[in-house]
Structure formats: structure tokens, C-alpha cells
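This report walks through one protein model.

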Amino acid sequence: AYTVFLGEADLSSEEILWKELLVFFMNTSSSSGYLDFLRSIEPLEFDPELTGDYLECFHSDAAKTYVMDELDHLYIDREDVKERLETMNLIGSPGVYFDSLKDEDEV
């Protein structure tokens, strides 16, 4: 990744950033209030065989449209859409703090 910052790679630093963060979130065994919150959300049943297509949506509007259609389909049969959208809205919201279980044990 250092070559991006030295100008020797053909990738933007933003592209490297989202990829590095994705790898971190997928592989970390660390715990925090935020990570515990994320892990508590039941994932939708996206098709693992289409992972490449899903990742493409991070930098392609055409791919994003395709994945949005699939997301709409996954939401159609859910009874908890309003609650799920409220939960999704918390992710990345400024001023939202997630207590960790460790914090609660220390009080």
C-alpha cells in the first residue's frame, strides 16, 4: 500500500482504504462496542458466488444498480424493514456511541 502514497501504484488511496478496511472487518477478532453491534446484525442472504459483483458496486454505478435490485428483492419479504433500516442508519452516523460489554462490566 505504501506505493500508492509514493505514486508508484495505479490505485487511488481511497480504493486502498476501503479494501484495507474490508479486510480488517472481515478478519479482526478484536472486540469493541461498535464491532459487537455490527456482529449482532443478522446478515442478508446475498449470494457468496457474486462477491466480486458486490465489491464492484463500491466504484461502479452500473454495478451498484444491479446490487440495489438484489437488495430490494431481499427486503421484499422482510417484516422488519423499518427496524432494519433504522439499525443500518446507525452505522457510520456521527455522535452514535456503542458501549462495549467490557465497559459495562467495569462499571
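How many aromatic pairs does a search of the whole structure find? The search finds five aromatic pairs.

## Basis of the model

This is a predicted model, in which local features need pLDDT of at least 70, side-chain atom pairs count only at pLDDT 80 or more, and totals for chains, interfaces and linings use all residues. Residues are numbered from 1 along each chain as its sequence is written, and side-chain values use heavy atoms, with hydrogens and water left out.

## Aromatic rings

A pair of aromatic rings is described by the distance of the centres and the angle of the planes. Here rings of Phe, Tyr and Trp (its six-membered ring) pair if their centres lie within 6.5 Å. Planes under 30 degrees apart count as stacked, over 60 as edge-to-face, and the rest as tilted.

Burial is defined by relative accessible area: buried means under 20%, exposed over 50%, and partly exposed in between (1.4 Å probe, protein chains only). Tyr-54 is buried because its relative accessible area is 13%. Phe-46 has 31% relative accessibility, so Phe-46 counts as partly exposed. Tyr-34, Phe-37 and Phe-98 form one aromatic cluster.

## Overall fold

The protein has seven helices and zero strands. Helices (H or I, at least four residues) and strands (E, at least two) are DSSP runs, numbered from the N terminus. The order from the N terminus is α-α-α-α-α-α-α.

The protein has 107 residues, and 19% of them are buried. Contact means heavy atoms within 4.5 Å. Of the contacts with a separation of 6 or more, 49% come from residues 24 or more positions apart. Accessible areas come from the Shrake-Rupley method with a 1.4 Å probe; for residues, only the protein chains shown count as cover.

## Helix 3 and its neighbours

Helix 3 spans residues 33-40, and its buried residues are Gly-33, Leu-35 and Phe-37. Which helices do the buried residues of helix 3 pack against? They pack against helix 2 (13-27) and helix 6 (81-90). Phe-37 also belongs to the aromatic cluster with Tyr-34 and Phe-98.

Gly-92 sits in the loop between helix 6 and helix 7 (101-106). Its relative accessible area is 60%, so Gly-92 is exposed. Gly-92 and Tyr-34 are 58 residues apart along the chain, and their C-alpha atoms are separated by 9.9 Å.

## A nonpolar surface patch

Leu-17, Leu-21, Phe-24 and Phe-25 form a nonpolar patch on the surface. Together they have about 380 Å² of accessible area. Patches are made of residues with over 30% relative accessible area and no salt bridge; like charges are joined within 9 Å, nonpolar side chains (Val, Leu, Ile, Met, Phe, Trp, Tyr) within 5 Å.

Phe-25 lies in helix 2. With 45% relative accessibility, Phe-25 counts as partly exposed.

## Salt bridges

Side chains of opposite charge can pair when their charged atoms come close. A salt bridge is a side-chain nitrogen of Lys or Arg within 4 Å of a carboxyl oxygen of Asp or Glu. The count is four.

One of them links Lys-19 and Glu-15, with the closest N and O atoms 2.8 Å apart. Both residues lie in helix 2, four residues apart, about one turn of the helix. Lys-19 is partly exposed, at 32% relative accessibility. Another joins Asp-36 to Arg-39 at 3.9 Å between the closest N and O atoms. This pair lies in helix 3, three residues apart. Asp-36 is partly exposed at 24% relative accessibility, as is Arg-39 at 44%.

Ser-60 is in the loop between helix 4 (51-56) and helix 5 (61-76). Is Ser-60 buried or exposed? Ser-60 counts as buried because its relative accessibility is 17%. A polar atom of its side chain lies 3.2 Å from the backbone nitrogen of Ala-63.

Asp-61 and Lys-64 meet in a salt bridge (3.7 Å, N to O). They are three residues apart in helix 5, so about one helical turn separates them. Asp-61 is exposed at 59% relative accessibility, whereas Lys-64 is partly exposed at 38%.

Note on methods
A polar contact is a pair of N or O atoms within 3.5 Å; within protein, one must be able to donate a hydrogen and the other to accept it, and residues adjacent in sequence count only if both atoms are side-chain atoms.
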